[in-house]
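Welcome! Here is a short briefing to read alongside the structure. Take it one topic at a time.

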Amino acid sequence: MHTKTIAEIARDLAAGEYSSVEITTDLLNRVKQLDGDINSFITVTGEQALAQAKAADERRAAGQAETWTGIPMAHKDIFCTDGVVTSCGSKMLSNFAAPYDATVVEKFNQAGAVSLGKLNMDEFAMGSSNESSFYGPVANPWNKDHVPGGSSGGSAAAVAAGFVPGATATDTGGSIRQPAAFCGVTGIKPTYGRVSRWGMIAYASSLDQGGCITRNAEDAAMMMNIMAGYDAKDSTCVEQPVPDYTSTLNDSLEGMTIGLPKEYFSSDLSADMQQAVRDAISEYEKLGASIKEVSLPNARLAIPAYYIIAPAECSANLSRMDGVRFGYRCDDPQDINDLYKRSRGEGFGGEVKRRIMIGAYALSAGFYDAYYKKAQQVRRLIKNDFSAALKEVDILAAPVSPTPAFKRGEKTSDPVEMYLEDIFTISLNLAGMPGMSIPCGQVNNLPVGLQLIGDYFAEDRLLNAAHKFQQATDWHLKTPAGI
Amino acid sequence: MEWEVVIGLEIHAQLATKSKIFSGASTQYGAEANTQACAVDLGLPGVLPVFNEEALRMAVKFGLAIDADIGKKSVFDRKNYFYPDLPKGYQTTQLHHPIVGMGHIDIELDDGSTKRINVTRAHLEEDAGKSVHEGFGSMSGIDLNRAGTPLVEIVSEPEMRSAKEAAAYFRKMHSIVTYLGICDGDLSQGSMRCDCNVSLRPKGQEEFGTRTEIKNVNSFRNVERAIESEIERQMDILEDGGSIVQETRLYDADKNETRSMRSKEVANDYRYFPCPDLLPVIIDDNYIEAVRETLPELPDDKRARFVKDHGLSVNDAAVLASDRELAHYFETVAHSANDYKLAANWVQGDVSAALNRLEISISELAVSAEQLGHILKLIKDNTLNTGGAREVFNALLEGKGDDTVASVDKLVDSLGLKQVSDTGAIEAIVEKVLADNPKLVEGYLNTPEDKRAKAIGPFIGLTRKAAAGVNPQVVMDVLKKKLSELG
C-alpha cells in the first residue's frame, strides 16, 4: 500500500478497496517502525490523522467524497498548523504552535486530505543537505549514510521511504528540486506568486515558494490543483486563474522545443551525471520534442547574487524571533539585551546565524549599494536571461545538482561548497519561474534528477512534459532497497 | 554674537482608519492591553502584511491639501532595529519613495503676516507598541494594541526661525489633518506627536549649526516651551565657546528643560531595504483626482472666505477657522441666525469662555449650534435682550433644557425673559415711574439740553426695575417722548 501514488489511492478509496482509516493506520505504523532510521518526521499527528481519516470515510459513506477525500500526506514543518508545533527545524520555534493554519494547510484540510504530521527540514529552510535541523539530520532512504538534500529533505525522504504519497515543501534556492533529485522523487517549485505564502514561515520572502514532492508528475498535478491560487492574505500572490493541471498531462510533446542552457552542461557536472541528463533529453527527442542549445550568460552570477539577497531578507525576517513573545527564551535574562543575545544565540543554529550575519552586513550603511543593490541588478539580468531563452524554446532542461546525494558530513565544514550544490537551481528562484525535478537515472546507485524549467505560470506545460517522460520511462518507479 | 535659530519639525500623525495599516485589527484607543493585536501585529512567524488602502487614500488627501507632489509609485521599506515593543524587529516605513513629496503650508505670524514653510515629504509607516514599566516588578510589560496603527510622518524643511513659528506650524498641521478628517488630532492620546530639530548659527552664516532633536513633544504649548528652553541651553553653550553635541533629547515639562536621552550619539544603522512582502504602491492620475474631489474646504480658504464674504476681522476669522469643529459650530450658528458678526462675537465670547471654564471641547458643549443660532435670532427680532440671551445660554449650559431648539423657547418663557416691546404697555409703566418720582423729573427738566442724555439714565433703570424684560430701546424712545412732553 505504501508505494501507491495519490492517483491510485484516490481510485482505490473511491472503489472501496480500503478505507482512509486503513491506509492512514498502515502508513502511521510504517512511520513508527521505520522513521527512526530516516528521521523524516519532526511531529507525527497520529490521533488527528485518524480523526481526519475517519471523517473522510464518513463523508465518503455519505456520498460526499471528492478527489482528495481521505488521501494521506504530510506538511513540511515550515507551514503553520493551528495548534500543532511548527518548528521550522529550529530550537527557536520548538515550542511554537501557531493559532492559525497556513493557507496551503487550510486548502488541503478543506479538500479532505489527511495530514500525518510535520516533516523535517533544514533550520529555517537554510541548507542543502538537511543537516542543519535542530531535530537531527534526515537519512536518504537510498543510502542512509547519504543526505536527502535540503532544505525539504524530510518531505523528499518521507515520499521516497513510502511514508506518504505526497508532501508539501518549499523552495527558496532549490529546496524542492534538489532533495527530490537526491531521493528519486518528483518535485515542483511553482512560479513565485502561484501558491500563497501565508502561514509559510519566511526565509527569503522574495524567493520562497511553496510546492510539493510526490512520486510522479500526475500526483504533483493533483497537489497543485489544491495548492495553487490567489490569496488576499499574501500581497505577492498573483491573481491568475488556476487550470486543472491533470487535464493537460497527456498532451503530445510533438513540436515542443526544449532548450539546453549551455552554461549548465559545463565541467561543473561530472561525466556520469551529464550522461544521465543527456539520456533523458534523448528520450524527449523520441517523444517528438526538438532540442536547441540556449544561453543563460549570467548564470555564474546567480550564487553570489542569491547569497546577498536571501541572507539580507532573512536577516530581517528572523528578527521577530527575539525571545519576547513566542519561541525560545534563554534562562534568567538579566536585561533586554541579554535576553536578545542569549535567546537568539542559543536558539539559532550555526548556518542561520551565518546567513543573518551576511545579510546584516550586506545591508549595512555604506555597503548597501555595493551588495544588495548590485545583487538586485544581477537578479534583473538573470530574469532577462531566462525570459530571452524562453522566447526561443518552450521549456528548458538541465541538471538539478552537480552530484548525486553526497555523504552526511561531507560538506558541513565548507559552507561555500555546500552553497555550490544549488548552482543549477538557484537562478530560477531569482527569476521567479517554475521548475521541476524528475528522476532520470542513477549514478552510484543513487538517483539523478532532471530539471525542467518553464515560463511564468507554465506549470501545466512542465507537468505535461514530466508526465510524458514518466509514461515512457520507469526511473520514477524505482524504490530504494527495502522500501 | 547674534544667533539665528533654525528649526525643523517631524510630526507623526495617526491616521483615523478603522483598522491597522497592515492588518484587520481595530485601531481604537484605550482597549485592554493586547486585545487589539492580531497575529500580524504580534509578528508571529508566517504571517504577512496586507496594505490598508484607506491609509493610502488619507495620505494622498493630505498630500493634496499641502499642494505636494504625490508619489505615483511609493515603496515600503523595512527599518531594522530591536526593541521589545517592535514585534517584527523592523518597522515598515517608506524611505526613498514616500507617498507625499515636497509641499508647503502657510503659517500666520504675530504681526499678521504669513510665512510659507516647505514640507520636505510625508510618508506612511506603522506605529510601534508600548512598553509599560510599572506594575510588573523588575520586568516590563508590552502592549501591542498600538502596533501597526497607521502613521504619516510629516517632515518639514528647517525653515522655522523661532519657537513661536514652530508652534504655529504644528498648530496649522493639526488644523489641516483634523479638517481633512484623517487624524483625530487628540494630542493627549498621542494621535499627533512632534520631534523638534533645533540648531543655532551665527546670523548671516549659511551653514547649519549642530542640531539636537527633542523627541515626542505632544502639545502646542510644549513645542514652544521645549524649543525655547533648548535654544537657551544651546545659546549658553555657544556663548561660552562650547560646542553642541548632536544628540536626542527629551523635554521635561515639569522642570521646563530638555535633557539628553542617549549619553553619546551612536549613529544607528537601520539597514533599510525594500519590504519584499509588499508590492510597490502604484497610483494614477484618476486615483489622485478622485481623492481631490473629496477634499473639504481647508482652514486658509475658510478664513479668507470669512473675511471676504462675511466681513469678519482677519483675527476673528483666523481663530474661528483654525479648528474644524469650532468652524463648523460657528458656521451653523451664523447660518441659523443669518448674522456672521453676531455669531462670531458669541462664539469667541460666551462660547469660548464656557469652553475654557469647563475645560471641554466644542463637541462636548451642552448648547448646540442650532440652539445658539436660535438664541441669536431671538436677539435680532427683539424677543431677547443680550442679558436674557445670556441667561438662556447659561441655563442650557447648566442642563436646564434639552438639546432641541424648542427648549430655547421654553426657557425664554419659563424664565420670563421675553422682552416687552409693546409701546402702549411701556408707556403706562413710564407714566407711573414719572408720576412716582416728581423730584427726579424736576431735576431732569432743569438739566440743560446737552446734558439730558446722561440725566435720562436713572429713569431707564427705574423703568426696568418696575418691569423686567422691557425692551431698552423702546423704553428709551418712550421716556424721551414723555419727558419732552413735560417740557
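A residue is called buried if 20 or more other C-beta atoms lie within 10 Å of its own, exposed if 12 or fewer, and partly exposed in between, with C-beta atoms placed from the backbone. This is a predicted model, in which local features need pLDDT of at least 70 and side-chain atom pairs count only at pLDDT 80 or more, while totals for chains, interfaces and linings use all residues. Residues are numbered from 1 along each chain as its sequence is written, and chains are lettered from A and ligands numbered from 1 in the order in which they are written.

- Asn382(B) is partly exposed, with 13 other C-beta atoms within 10 Å.
- Although Asn382(B) is not a glycine, its phi is positive, about 70 degrees.
- Asp67(B) is exposed, having 11 other C-beta atoms within 10 Å.
- Asp67(B), also a residue other than glycine, has a positive phi near 60 degrees.

**Chain A overall**
- Buried residues account for 61% of the 483 residues in chain A.
- The C-alpha atoms of chain A fill a box of roughly 65 × 55 × 45 Å along the principal axes.

**A cis peptide bond**
- Gly150(A) and Ser151(A) are joined by a cis peptide bond, with omega about 10 degrees.
- Ser151(A) sits in the loop between strand S3 (114–119) and helix H5 (153–160) of chain A; helices (H or I, at least four residues) and strands (E, at least two) are DSSP runs, numbered from the N terminus.
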